[in-house]
Amino acid sequence: MNNSLPVFAVNFIAALVLAPLLPGIINKVKAFFAGRKGPRLFQLYSDLGKLLKKECVISSTSGGILRIAPAIQLTLTVLAALLLPMGFKNSPLMFPGDVLLFFYLLGTCRFFSVLAALDTGSSFEGMGAAREAFFSALAEAAVFAVLAFLVLFSHSWTLSGMLTGIGMDSWISFTPVLLVSLAMLLVMLAENCRVPFDDPETHLELTMIHEAMILDYSGADLGAILYTSSLKLWIFGSFIVSMLIPGNILSGWQETALSIGGVFASAVLVGIVESSMARYRFLKVPPLLISALVLAIVAMIFQLFFNGGIR
Amino acid sequence: MNQMNELFLGIFLCSCLMLAVSSRLLHCIRIVALQGVLLGIMPVTLAIGHGDIHWSVMIINLSLKGIILPCLLYRTMLKAGVKRELEPVIGYSLSAGVVLALILFSFFISGRLSLPAGASDLAGLAVPCSFAVVMTGLFTVIARKKALTQVIGFLVFENGITLFGAAVMREHPLIVELGILLDVLVLVFIMGISVFQISREFSHIDADRLNSLKEEAR
Amino acid sequence: MLTLSLLLLPVCGALISFFSEKPAVARWVLMITATGYTAICAVLPIHPDQLHLTETLTLAADPAGFVVLAATAILFLPVSVYNFFWMPRDLEKNAAHLGMKPSTFAAILMIFVSTMTLTTLAQDFGMLWVAVEATTLASAPLINYHRSKGSLEAMWKYLLICSIGIGLALFGTMLLSASLNFASASFGFAAVKRLTAHGFFNPAWFKAGFVLCFAGYALKMGLAPFHTWLPDAHSEAPVPVSAMLSGSLLNCALLALLRLNDIVPSDLEGFAAGYFKFFGFFSLAVAAFFIIRQKDYKRMLAYSSVEHMGLIALLIGFAAMDYAMLHIISHSLIKMSLFLLAGNILLSYGTRETALVKGLSGRLPGTAAFWLTGILFICGTPPSPLFFTELVLVKEAGIAAGSAILALLLVIFCGMSQIALKMYAPDKNIGADPAGDKLCRIPAIALAAVSALGIAVAWNMIG
């Protein structure tokens, strides 16, 4: 345990540095399935570099929120990443109940993006904001069911304890963990606005959700938003990976490699999902989120059963 | 292999909850088909490690409950032109709550029944799950108005019974097994016809509107 | 051999009738089959003639099964004779909206009888369940013989509700098997009884299985509150079918409950009897409530069936088995006669509403007389054997329960006789219908037989 802090730090920095790779990986996978060459793996880095050099144009109808929202979102997301265990090592900031802080940081981040979208006064962005708020409210239920399951499973109230506490023995009866991971994957797709909830590629205003909200950003602000969303993808990928893969079976640096590789693998999975299905109609999205909730609840019941809670 | 079976039971419970929230008949039929396929696979996965596999049971369950009956239901659905359950007796969110309560209740009561000696290894989990599926099926029959949805509910009810037979009993009298299959086949066959007849006669298959026969209010 | 022929004879008759496609042939075949069936029943010895399907699976007639079998046989013959004369007259009136060919109808009726025979002969719970299931499937299409919105609705309700009951019974059977630790492979009545009598069972599972089986078969038997399908099915079905449904099919479900009651070990007897008493009494109360102002005479008869099933359940609950058997036989005969007489009234008046049936004594004098007699008999007026069984029941039930039962019986008596008298009352405007009255002879013979039975019982009780 004495080397846990350096390992965490290395992993954290790796997350910050490597996060823009994830959209690149997803796009490569999609291009592979479509038989195209696709954009370069490092495309987002070049985009970010270009955007940072450009000046920001702020709509004259907006108030102040549009101006500060990207910075706030970036900060909140980085803070959330700090709470997450990285490389199967506990976060140095952990305290009992930090899961709530973690998800509320992400929630606040979303709150600001919605607020900023409303602030522009554009009807498209307002529409996007409304949809975003609706879907994330539904996803919230699933998230909390997953959390309840994790608390039951690991008997721990800290995020790090929950995720690293799912050890090898959980695989003896893997059903609950598998169900919960599926639920979490659905939540990840919903929270990151990926297919089948939203299509990040589309620029047809009527069908956009997340993309509609960031139409008014430009320059460094847009760069911050793009970086934030890639970091968020990393956070969720890392969440699922540390839930699925039992820690403490390899030495410290091998675990780091495993966790980073796992996150990349989750990006590949997202890419496969995106290439194999189309975006759902809005009417079909709530049932999908409810199924995530259902999965988590059934996992919880199974866990209670194995714990002897309902016998 | 037991983990595999546990996963199947988990999917069974999920399917019950999904049944409670889905309004589209196509979804319901898919859920029933999924359950049928699971019931077809489970005799095999359960028997691995115990020796003899009931291949006949597996094939009949898989083909009948997994394929033929859902297809028949689907055809009837197309013929009758019903797509979704518009006005359920009990709303979808409340249904989900009720089914959840039923699941918890079945875990609760089966906790009070000590397992019989001849039960399979999986029985501890399979008993509450089959209770839950049976109760969900009955609930669906009560909570939905369309004749087709009621048939689906009845099928789920049957699936629960079959699940009990397949997953709890290690060996069972063949006649019970055969009885179920005969039952389901003929039953849905006849029900399908009568659904069709009802729709032809009155141009709707709302079993709720079949209400002329009752004691008059006084 | 006899057992097998009892099962196969109706099936052969059904095949001939189905492929002949002629109503005239079907009528004859039905009558001949019924005669043969009754003749075989009369000579069937109770125990020795066993039919071994496999090593463990046996069909045989034991005393309880034989009583129900006999009740089926002595109903099947008069019903088929009645059908012989009823069918052409019915075709004249209702040919336009038949749900199936008359020959198909006769064929299904015979298959139905065959499935009921199987129920009475089954010697293990698996076979019993299959047979009860088969009776449902065979009887459902019969309800829709006269195709109408009402009959379709009745058939749908009957199928759906009874299927659920049957499913519950199967689940209960499985739980019973679990309660025996899956020890008994054949699940025959005798083997199960031996196991439970020696305490080789798990009480919690046994109770769960008993309750589910009870609910399932009670639903098929029409005990309240599971009776909702019964008045619809029994009133919408054509009269020969109504007579068979009320007189025979309910007995078959009852037999299943008797089998269930038989395997209950001595330390759970109170538990089981409680169920029989509660649901029996509840059925009595529900029937009384619905009979008192009934507007449809066939529904009235159907509710009276609910009442009598309740009475039989009470008799079983109070362990008066012999009288329960007597009640089964006499109720079947009287109820059959009443349904057949109701068929006459229905043919002549063309309505099931009591208010529209006026001047019965003038229009159909014979039918009217026997209708009144039958109503009095079914309410337990001596010399009906029901008088004696109800007497025994009230005596067994003690003062409080007995007086409650008596009060309900009184209510039912008032309700039914009041309706029957209103129908009977002479009306000058109604002309006679001598052709329609001819069909009253068959029920008359049945009623005469019942009163003879009653007198014999009285003789026996005094002596």
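User: How many residues of chain A are in contact with chain B?

Analyst: First, the ground rules. This is a predicted model, where local features need pLDDT of at least 70, side-chain atom pairs count only at pLDDT 80 or more, and totals for chains, interfaces and linings use all residues. Residues are numbered from 1 along each chain as its sequence is written, while chains are lettered from A and ligands numbered from 1 in the order in which they are written. Two residues are in contact if their C-beta atoms, placed from the backbone, lie within 7 Å. Here, 17 residues of chain A are in contact with 17 residues of chain B.

User: Which elements of chain A give two or more residues to that side?

Analyst: Elements are DSSP runs numbered from the N terminus: helices (H or I, at least four residues) and strands (E, at least two). In this case they are helix H8 (175-191) and helix H12 (285-307) of chain A. H12(A) gives the largest share, 10 residues.

User: How do the residues on that side of chain A divide into nonpolar, polar and charged?

Analyst: Ala, Val, Leu, Ile, Met, Phe, Trp, Tyr, Cys and Pro count as nonpolar; Asp, Glu, Lys and Arg as charged; the others, Gly among them, as polar. The side of chain A that touches chain B has 13 nonpolar, 3 polar and 1 charged.

User: Which chains share the most contacts?

Analyst: Chains B and C do, of the 2 pairs of chains in contact. No contact joins chain A and chain C. Their closest C-alpha atoms lie 15 Å apart.

User: What are the ipTM and pTM of the complex?

Analyst: The predictor gives an ipTM of 0.87 and a pTM of 0.86. Chain C averages 89, and 97% of its residues score at least 70.

User: How many helices and strands does chain A have?

Analyst: Chain A has 12 helices and 0 strands. Chain C comes to 18 helices and 2 strands.

User: Why is chain A called as compact as a globular protein of its length?

Analyst: Compare its radius of gyration, taken over C-alpha atoms, with the globule rule: 2.2 Å times the number of residues to the power 0.38. Chain A has 19 Å, close to the 19 Å that the rule gives for 311 residues, so it is as compact as a globular protein of that length. For chain C, with 463 residues, the rule gives a value near 23 Å; the chain has 21 Å, which agrees.

User: What share of chain A counts as buried?

Analyst: A residue is buried if 20 or more other C-beta atoms lie within 10 Å of its own, exposed if 12 or fewer, and partly exposed in between; C-beta atoms are placed from the backbone. In chain A, 48% of the 311 residues count as buried. In chain C, 61% of the 463 do.

User: Is H10(A) mostly covered or uncovered, and how many of its residues are buried?

Analyst: H10(A) is mostly covered, with 23 of its 26 residues buried. The expected span is 1.5 Å times one less than the number of residues. Helix H10 (residues 219-244) of chain A should span 38 Å, and its end C-alpha atoms are 38 Å apart, which agrees.

User: Which residues does Ala142(A) touch?

Analyst: Not counting residues up to four places away in sequence, Ala142(A) touches Ala183(A), Leu186(A), Val187(A), Leu289(A), Ala292(A), Leu293(A) and Ala296(A).

Conventions
pLDDT = per-residue confidence, 0-100.
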